[in-house]
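I opened this entry to keep a record of what I looked up, in the order in which I looked it up.

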Amino acid sequence: MILAPEDIREQEFNKSFRGFDKEEVHAFLEKLSSEFETLFNENEVIKKELEETKQKLEESLHLEMKIQKSF
């Protein structure tokens, strides 16, 4: 299952007689979802940079092969 920051923010728990403090749980989930969102966004940026780097490498290798064939 893939979690999104919104999934963490919107998570609900069953109530029990001696359960956790609802506000404390929600505060923790908000902090967790915020951190998760930051990491998720950083990961997306890194994926794009990696894809661009792969494409540049392929172009460089193709150019290198052309140069080698010309000699």
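This is a predicted model: local features need pLDDT of at least 70, side-chain atom pairs count only at pLDDT 80 or more; totals for chains, interfaces and linings use all residues.

**Salt bridges**

I began with Glu30 and Arg9, whose side chains meet in a salt bridge with an N to O distance of 3.2 Å.

I then looked up the exposure of both partners. Glu30 has a relative accessible area of 39% and is partly exposed, and Arg9, at 29% relative accessibility, also counts as partly exposed.

Which other residue does Arg9 form a salt bridge with? I found Glu37, with the closest N and O atoms 3.0 Å apart. Here too the pair links distant parts of the chain, with Arg9 in helix H1 and Glu37 in helix H2, 28 residues apart. Glu37 counts as partly exposed at 29% relative accessibility.

A search of the whole structure gave me three salt bridges, and one of them joins Glu44 to Lys47, where the closest N and O atoms are 3.8 Å apart. Glu44 and Lys47 both lie in helix H2, three residues apart, which is about one turn of the helix. I recorded Glu44 as partly exposed with a relative accessible area of 30%, and Lys47 as partly exposed with 47%.

**Surface charge**

Which residues gather in a patch of negative charge on the surface? I listed Glu49, Glu51, Glu52, Glu58 and Glu59. I followed up Glu52, which lies in helix H2 (residues 22-70) and counts as partly exposed at 46% relative accessibility. For the chain as a whole I noted 11 positive and 18 negative side chains, with the centres of the two sets 3 Å apart.

**A buried proline**

Is Pro5 buried or exposed? Pro5, which is found in helix H1, has 5% relative accessibility and counts as buried, because the cut-off for buried is under 20% relative accessible area. I also looked up its distance to Ser34: Pro5 and Ser34 are 29 residues apart in sequence, while their C-alpha atoms are 6.9 Å apart in space.

**The chain as a whole**

The secondary structure of the protein chain comes to two helices and zero strands. I compared the radius of gyration of the protein chain, 23 Å, with the value near 11 Å that a compact globule of 71 residues would have. The C-alpha atoms fill a box of roughly 80 × 20 × 15 Å along the principal axes. Buried residues make up 6% of the 71 residues, and the protein chain exposes about 7100 Å², of which carbon and sulfur atoms supply 58%.

Conventions:
Residues are numbered from 1 along each chain as its sequence is written. Side-chain values use heavy atoms; hydrogens and water are left out. Patches are made of residues with over 30% relative accessible area and no salt bridge: like charges are joined within 9 Å, nonpolar side chains (Val, Leu, Ile, Met, Phe, Trp, Tyr) within 5 Å. Accessible areas come from the Shrake-Rupley method with a 1.4 Å probe; for residues, only the protein chains shown count as cover. A salt bridge is a side-chain nitrogen of Lys or Arg within 4 Å of a carboxyl oxygen of Asp or Glu. Lys and Arg count as positive and Asp and Glu as negative; His and the chain ends are not counted. The place of a charge is taken as NZ of Lys, CZ of Arg, CG of Asp or CD of Glu. Helices (H or I, at least four residues) and strands (E, at least two) are DSSP runs, numbered from the N terminus. Buried means under 20% relative accessible area, exposed over 50%, partly exposed in between (1.4 Å probe, protein chains only). The radius of gyration is taken over C-alpha atoms; the globule rule is 2.2 Å times the number of residues to the power 0.38.
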